[in-house]
Amino acid sequence: MLLGVRHHGPGSARAVRAALEAARPGIVLIEGPPEADALIPLAADEDMRPPIALLAHAVDEPGRSAFWPLAEFSPEWVAVRWALEHDVPARFIDLPAAHTLAWRASEGEEVESRECEGDGSGAASPGLRGDPLAVLAEAAGYDDPELWWEDAVEHRDAGDGDVLAPFTALEEAMTVLRETEEGGGHDREPVREAYMRLQVRAAQREFAQGVAVVCGAWHVPALRRKATVGADRALLKGLPRTKVDMTWVPWTHRRLSRSSGYGAGIESPGWYGHLFSAPDRPVERWLTKVAGLLRAEDRLVSSAHVIEAVRLAETLAVLRGRPLPGLSETTEAVRAVMCEGSDVPLALVHDRLVVGDVLGEVPAGAPAVPLQRDLARLQRRLRLKPEASERELELDLRKETDAGRSRLLHRLRLLGIGWGESASSRGSTGTFRETWRLRWEPELSVRVAEAGVWGTTVLAAATAKAEADAVTARTLAEVTALAERCLLAELPDALGPVMRILADRAALDTDVGHLAQALPALVRSLRYGDVRGTGTGALAEVAAGLAERVFVGLPPACAALDADAAQEMCRHVDAVHGAVGLLGDAAAPGHGDLRARWRAVLHTLSGRDTVPGVIRGRVVRLLLDDGELAPDEAARLMGLVLSPGTRPADAAAWIEGFFGGGPGGGMLLLHDERLLALVDGWLTGVPAEAFTDVLPLLRRTFSAYEPAVRRGIGELVRRGPEGRVGVTVTDGGAPGFAPGLDTGRADAVLPVVRLLLGLDGAGEGEAADEGFAAEEGDAADEADTVGDARPAGTADRAVPADRPRSSDPADSAVVSGLPDRAGAVEPAGRVDPADRVGPAGRADSGGPAESADRPESTNPADAADRAESADPADAADRVGPSAVSGGCDLNVPVEVDA
């Protein structure tokens, strides 16, 4: 009984189970490496949870490896589980991995971390064999092979009709396809199929109850074809061979997907896993999962959304003539109903559910190299469980458990096992904190097997690997970086040999650039050693010796450099400056004050004309930031450089060195008017023919500033000295940046500060009075500006400070307008034609049409206020831009209380 399947197809998996239940064969033969026969019993272990994979690697070269992944919905896994549950023998019958790995190595193929499956139906070669399902889908009128497979297989009930019907149909289709493809494809296919036929014949002779073969549908016609035993053995003669080890390793849904580069993968392993495991109503259950995910991400998704999404998916399936809604219909329903048409949450659904981050598990009894067992022990002790999804881990090195986790991760990185990547810590810059991003990939199992040649434990392997890397290191910087990693990983046995090699390399290396690159790593190692409690006496001695050699060799090394070399040397100067600052008093005894000697070197560089301008500008900036150079002296040096006698290109390079390197240079221009004036004056005086040459340097310098800094500099330049009239300036400083306090600007924020601090009612009333007074002052200024004059004897009515303020927006109009006689609000600054002064010297109050257009206020407070006083002055205060006795227009914004 030949059961042709699609690898990782849930429909094929259900059909295989039904066929095995109906036929009850005496043995089950499965496509896979026969070296894994001894591992089949582990599939019955309760700790074995798919997705998992068979890993084969060469004993003498663990990097040569191959995988055979299996998911819960893989037909091969279902066949293995059925055989174990019914005490039926199960065997793998594909070409042995010993031949596969040796064959690929002899042909020069890349075999590391490579999956040994073919396409969705068992093919493993390009062209038609590369994706036979696509050809069948096209013949059926589908442009999407996944869509055709869902309609033809996944939506079919395995309990309907003949259980062998789907296998018969697939075999017929593959037979026709192979007839059109004879003579093409890969040379390995006939060899694999010959080995399978030999194994099937042997099983038929051994088991009279019947033989069931579960393999890729592409191979079924070849297994059905009659061939002599001699012809098959002739194909297998002379195959290369190597010794291999085989084991089970965890796998992930993400690695099953086609996007990972796995040839036999599927586009939606999470969706197929759901189809296989859902007992009934798969669409409703799937959309419920989606709703749960979106709710966990704080999106508003209710039960009504789920109901409407199910209805929409079913309607789309009917319109498209599909038997049931598939992934495309459910995805479109989720986008329309739950995501409101947005693809952003839909991408989350695709990543978390359609593909998924499921990581399988293998039992502890599975074969493994000693290093793998030690790593598993450390993971359990430190409570670091491998996970397929990426997560951040914050470590406090003052805690024993976190320090152990840090040691393990650093040792694994030294071994080339990239389980964790170091990240910048958030909220703390102390050396006692570390942040890691962890994500376990199946390929790391291969890396562990490779690293097993260095030792049987993580500590021993990392120590041996560090010593070997120190010997093969090509540059001094590589050795110093290795020393730092040895300290981080706490490898005392490796640190001694590494430090001896470092001392020898440092004594022989005369390149100042190499010494400058090596120094920062050594200084960081001293700091980490203090935190982790490791001895760093030897490191301090080497670091101090490197620093002294840099001090001596740096001035002559900075002479006669081209532009690129000057930029690189400028970076070295920055690195050494930071390292010397960190080194401080931690240097070894007998080396004097390193900081004072470094400052002397910087002073020497700042005054040498043979040193490139970018370096001179940088050292002046470093001295100024450290307080070793007075601002007046820095301005004098800049004035000399920007004098007409200096070439524009050299001056621009000096400016780049001084103001470059981050936003700090821009803040200098904002806060120091003298430096800004020097740069502004020099730039405006650059000749036109030289401006094009210096422009790239200036653009590179100023583009590193933050937008707010660039905007502030531009505003100061645009304003200019003559535009600062009326702005509070103290001691000649730039507006807003002078040494003294601008009291006017400071007082303006007091009301907001009182509001934020939640002061008592008196404070709030005081703030309100100040705001009201300011508004009235603004109104008076505006009245004076537009030339309005109040008539003699008319005065504004003062509003008592303790009068309660109305909360009705219709009762007051601030700045934007004020109520007229009828209570309507007229925009400020506008004079209605009907309100203009008439010929008799008084303003008309408007005709009947205007009165009709203005609605009467219905607020009782307005009526009470209008009836409260008949005084003309009060009326003048309450009216808007209408006539007042005296014949003037009052278009002044004020605030009127009810």
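Start with helix H11, residues 269–277, and helix H12, residues 282–296: their axes come within 10 Å and cross at roughly 130 degrees. H11 is therefore oblique to H12. This is a predicted model, so please read everything here with that in mind. The handedness of the H11 and H12 crossing is right-handed.

Which residues make the contact? On the H11 side they are Gly-270, Trp-271, His-274 and Leu-275. H12 contributes Pro-282, Arg-285, Trp-286 and Lys-289. By class, the contact of H11 with H12 has 4 nonpolar, 2 polar and 2 charged residues.

Next, the cysteines. A disulfide is a covalent bond between the sulfur atoms of two cysteines. How many disulfides are there here? With a cut-off of 2.5 Å between cysteine sulfur atoms, the count is 0. Two cysteines for the record: Cys-215 has 0% relative accessibility and so counts as buried. Cys-486 has a relative accessible area of 1%, and it is buried because the cut-off is under 20%.

Now the backbone. Most residues other than glycine have a negative phi, and most peptide bonds are trans. I have one peptide bond and two phi values to show against that background.

The peptide bond between Pro-50 and Pro-51 is cis, with omega at about 5 degrees. Pro-51 sits in the loop that runs between strand S2 (27–30) and strand S3 (52–58).

His-8 is not a glycine, yet its phi is positive, near 60 degrees. You will find His-8 in the loop between strand S1 (2–5) and helix H1 (10–23).

Arg-383 also has a positive phi, near 55 degrees, in a residue other than glycine. The loop in question lies between helix H16 (370–381) and strand S9 (391–396).

Are these two residues buried or exposed? His-8 has a relative accessible area of 1%, so it is buried. Arg-383, at 58%, is exposed, because exposed means over 50%.

Last, the overall counts. The secondary structure of the protein consists of 38 helices and 15 strands. The protein has 898 residues, and 48% of them count as buried. Taking contacts between residues at least 6 apart in sequence, 74% join residues at least 24 apart.

That is the set; I can go back to any of these on the screen.

Note on methods. Residues are numbered from 1 along each chain as its sequence is written. This is a predicted model: local features need pLDDT of at least 70, side-chain atom pairs count only at pLDDT 80 or more; totals for chains, interfaces and linings use all residues. Side-chain values use heavy atoms; hydrogens and water are left out. Axes are lines fitted to C-alpha atoms, for helices over the stretch in contact, and angles run from 0 to 180 degrees between N-to-C directions. Helices (H or I, at least four residues) and strands (E, at least two) are DSSP runs, numbered from the N terminus. Angles under 35 degrees count as roughly parallel, over 145 as roughly antiparallel, 65 to 115 as roughly perpendicular and the rest as oblique. A crossing is left-handed if the near helix is turned anticlockwise from the far one by less than a right angle, and right-handed if clockwise. Contact means heavy atoms within 4.5 Å. Ala, Val, Leu, Ile, Met, Phe, Trp, Tyr, Cys and Pro count as nonpolar, Asp, Glu, Lys and Arg as charged, and the others, Gly among them, as polar. Buried means under 20% relative accessible area, exposed over 50%, partly exposed in between (1.4 Å probe, protein chains only).
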